[in-house]
Amino acid sequence: MSNLLAQSRALAPTTWTVVLRALWPFLLGIAVGLFAYFYAGPELGGYHAQIARVAGINVILAVSLTVVNGFAGQFSMGHAGFMAVGGYVAAGITYYGTMRLVDPAQLSNGLFIGGLLSWTGIGQFEGPVLTWGDALFVGSCLVGGLAAAGAGYIVGLPSLRLKGDYLAIVTLGFGEIVRVLFQGTKDQIPPWQAETVRDIPWYDLMLRLGGPKGMNLLPTYTTLFWVYLFATLTLIFCYRLKVSSSGRALLAIREDEIAAQAMGVDITRYKVRAFVLSAFFAGVAGGLYAMDIGALNAGDLGFQKSFDIIIMVVLGGMGSISGAALAAIILTILPELLRSPPMVWPAGLALLIIVAAVQSARGRWRPRSLIVIAVVTAALEIGRRVAIANGINLADYRLVLYASLLITMMLARPQGLFGIHEIWEMIPRRRPQTAGADE
Amino acid sequence: MTQFLQTLFDGITVGCLYALIALGYTMVYGILKFINFAHSDVFALGAWMSITIAGWIGLGLTGQPTPPWYMGVLVLLGAMGVCGVVGFVIERVAYRPLRNAPRINVLITAIGVSLFMQNFGQLRFAFGAYPRPFPRLIDNTALFAVAGVAVRLPDLAVIGTALALMAALQFLIYRTKFGTAMRAVSFSPRNASLMGVNVDLVISFTFVVGAMLAAAAGFLYGVKYEGQAKQTADAMWVMLGLKAFVAAVVGGIGNVRGAVLGGLLIGLIEFFGVAYLSSQYRDAYVFAILILVLLLKPEGVLGRATVEKV
C-alpha cells in the first residue's frame, strides 16, 4: 500500500514542471521576440523590417479570426472593428499617457526623442528593448485587447440568434458602426499643447481620439520584439485551444450545431467565448498596428480591412492555424513582391515538387492540382517576361494580379492551402505495422 | 414642414437607387444563396460606362447645351448592355465552377472579383486612376415647386426610370414563362432541373438582369449627383453597394418586392437621420437599423421565416 502511494507521488508533477508547463509559451515567445529583435531585425533593414512587422501583426489578426471563423464556424466579417477598438484605446492611453509622464517642456523641445522613452521611429532596432514607455505601450495594448474583448462579447450575443450569412452581415454592420463612432470623436490634443493634458480628466481624454482625421503623431513603440512576442503567444494559445476540450467543442459546433447541442455542448457559452478570445487578440494587434505606423485612422479599418483578414483565413484553410499564419505572411509579402516580380518558376517548381512528394507519400495522386500549379507558374513567368520585354511597369498591375491569383486559388483549391489540417499533419505519419491489424 | 417634405423627397429618390441595386443582390441571393460582393462594382462600372459612352458620343461637355432626352436613354441602354455582358462573364468564369463549393469560397471569390474590377478599372487603358466629372445629360433647373420643395428633372428621371424598370422586372418575374422558371429555380434548383428548366441559363439570365439594373442605378446616380465620379477603387462605391445590400436584407432577402420596400426604407432612414439627428453618423443609422431588424425579425420585413432542419 505504501509502495503504491510512493509510486503515485512519483507520478505527480513537481512544482518545477508545473511552473515550466505554465511558462513555456511565454519563454518561447520571449525567445522568438528576442531573436526577431536582435538577429532578424538588423539583418532585414528598415524596409524589410517594416514588412516583417506588418506580417507579424497580420499573423495575429488571421490566427485570432481563425478562432471564430475556423473553429466555431461563425462567419464574422467585422474583425477590423475589434482591431479599431483595441487600436484606438491603446493609442489613446499611450499617446496621452506619454504626455502625462514626460515633462511637457521635453516633449515640446525634441518631440518624441525623450531619454525616458523609446520614441524610436525609424531606428527600430537601436536602443534598449525595455523602457518605461514600452511598459506603458504593452499595458495599453493589453487594455485595448480587453476593451475589444468587451466589444466581442456584445457582438457574440447576436450570434446566438443568427446564423450564416445573417451573422456575417450583422458583424459587418458592427464593424461599420465602430468605424463611424470613432470617426465621430473629438479632435486630438496636439503634442505642442501637452501642458493642457494634465488638467483634463482621463475619461474626457479618451473621447479626444481625432475624429475623421484619425490619430496622428503617435509614438512608434512597436518593434519586431513586441510583434513576434504577441504573434508567438497568439499562435501557441490558439493551438492549445484547438486541442483542448473547449476547442473540440468549438469544432463540434462548426461541424453540426444541432448535433453538438445534442451531445451536451453549451453552444451559447462557447460561441460567445470564441468571439471574446478572438476580439482580444485583434485588439492587441490593433494597438501594435497603431504604434507601428504612428497613426491610426478608422477609415482604414473598415470592411475592406476585414475582408483582407478573411481572405487570409480562407486561403490558409478554415480551422488551420499554421495555414492562416502562412497565408497572412504570403499575402503581406505578395503585393510587395508584385511591385517588381522576381523569377516565378523556381518557386513554382519547388511547390510542384512538394505537392507531388506529399501526394506520392499519401499514395493519392491528384494530377489536376499538379497541372494547375504548372500552368499558373508558366503563365506568371511568361507574363513577367513579356512585361519586362515590352517595358511595362508591373507595379501598376499588382493589385489586378493579386485579385486574379485569389480567384484562381479559390477555383483551383477551394479548401485553402491546408484545409482543416495543420502543416505538420500534411506530411503522412508512418503507422507502426501491428501483426494482423489490417485483417 | 418644407424641410420634412424635402427630406422625404430626397429619401425617396435615393431610396429608388438603393432599390435598383438591392434587386440585383436579392435576385442572386434568392437563387444561389450567396452575397454577390462584386455587385457594387458592377454599379460603379455602370456609372463609369455612362461617362465613357457620353464621352464617345460627345455629350455633356461643359459649355455645350444639354442634349435631347433620347441621348440620355441611349447612354443608359449602352451602360446597361455593357454591364449585362460583364455580369454574364462574371457568373460564367468565377461563380459557375464553384456552384457546389461551400458558400464561403463563393464569397471570397466574389471579393476577389470585386478587387479585380476595382483595380482593373484604375488601369490606364480602362478608366484611369483619377476622378472625372459626370456629364450633364438632363437639364438641372427646377421644374416646379410643391410646398417649397423644388422638383428637378433629374429627380423625376431617377424616380421614373426606377419605377419603369421595377415594373418591367415585376412583369418579367410574375407574368412570363422565364419568370416562372426563375421562381422555380429559386425554390429548388434540383427540382426545377427535373421539371425541364435550364438552370444554368436561368442563373446566367438572373445575373444579366441584376447587372443591368445596377448599371441603370449607376447611370441615375450620375444624373442625380453631377459632381465627380470617384475612382473605381474608391470605398464609396462599395459603401453604396453595402447599403443597398442592407436594403435587400431589411426588406427580406430573396424577395423582390421586399428589396424595393427595403430600398425606400433605407433611403428614408438615412435622409431623416441626417436631417434631424446628425450627419456625422450617416452610415451608422443604416447599419443600426440592419442590426435591429435582424435581431427582431431576421427574415426581414417581407421575408418568410425558414426553419433549419437537422
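Trainee: Of the contacts in chain A with a separation of 6 or more, what percentage comes from residues 24 or more positions apart?
Mentor: This is a predicted model, in which local features need pLDDT of at least 70 and side-chain atom pairs count only at pLDDT 80 or more, while totals for chains, interfaces and linings use all residues. Residues are numbered from 1 along each chain as its sequence is written, chains are lettered from A and ligands numbered from 1 in the order in which they are written, and side-chain values use heavy atoms, without hydrogens and water. With contact meaning heavy atoms within 4.5 Å, the percentage for chain A is 82%.

Trainee: How are helix 3 and helix 14 of chain A oriented relative to each other?
Mentor: The axes of helix 3 (residues 46-71) and helix 14 (residues 303-316) of chain A come within 9 Å and cross at roughly 75°. Axes are lines fitted to C-alpha atoms, for helices over the stretch in contact, with angles from 0 to 180 degrees between N-to-C directions. Angles under 35 degrees count as roughly parallel, over 145 as roughly antiparallel, 65 to 115 as roughly perpendicular and the rest as oblique. Helix 3 of chain A is therefore, relative to helix 14 of chain A, roughly perpendicular.

Trainee: Which residues of helix 14 of chain A make this contact?
Mentor: Helix 3 of chain A contributes A:Asn58, A:Leu61, A:Ala62, A:Leu65, A:Thr66 and A:Asn69. From helix 14 of chain A come A:Lys305, A:Ile309, A:Ile310, A:Met312 and A:Val313.

Trainee: Is A:Arg384 buried or exposed?
Mentor: A:Arg384 lies in helix 17 (residues 367-389) of chain A. Leaving aside neighbours within four places in sequence, A:Arg384 is in contact with A:Pro341, A:Pro342, A:Met343, A:Val344 and A:Leu394. Buried means under 20% relative accessible area, exposed over 50%, and partly exposed in between (1.4 Å probe, protein chains only). Because its relative accessibility is 12%, A:Arg384 counts as buried.

Trainee: What radius of gyration does chain B have?
Mentor: Chain B has eleven helices and four strands, and its C-alpha trace spans about 60 × 45 × 35 Å along its principal axes. Buried residues make up 53% of its 310 residues. The radius of gyration is taken over C-alpha atoms, and the globule rule is 2.2 Å times the number of residues to the power 0.38. For 310 residues a compact globule would be near 19 Å, which agrees with the value for chain B, 19 Å.

How values were computed. Helix = DSSP H or I, 4+ residues; strand = E, 2+ residues; numbered from the N terminus.
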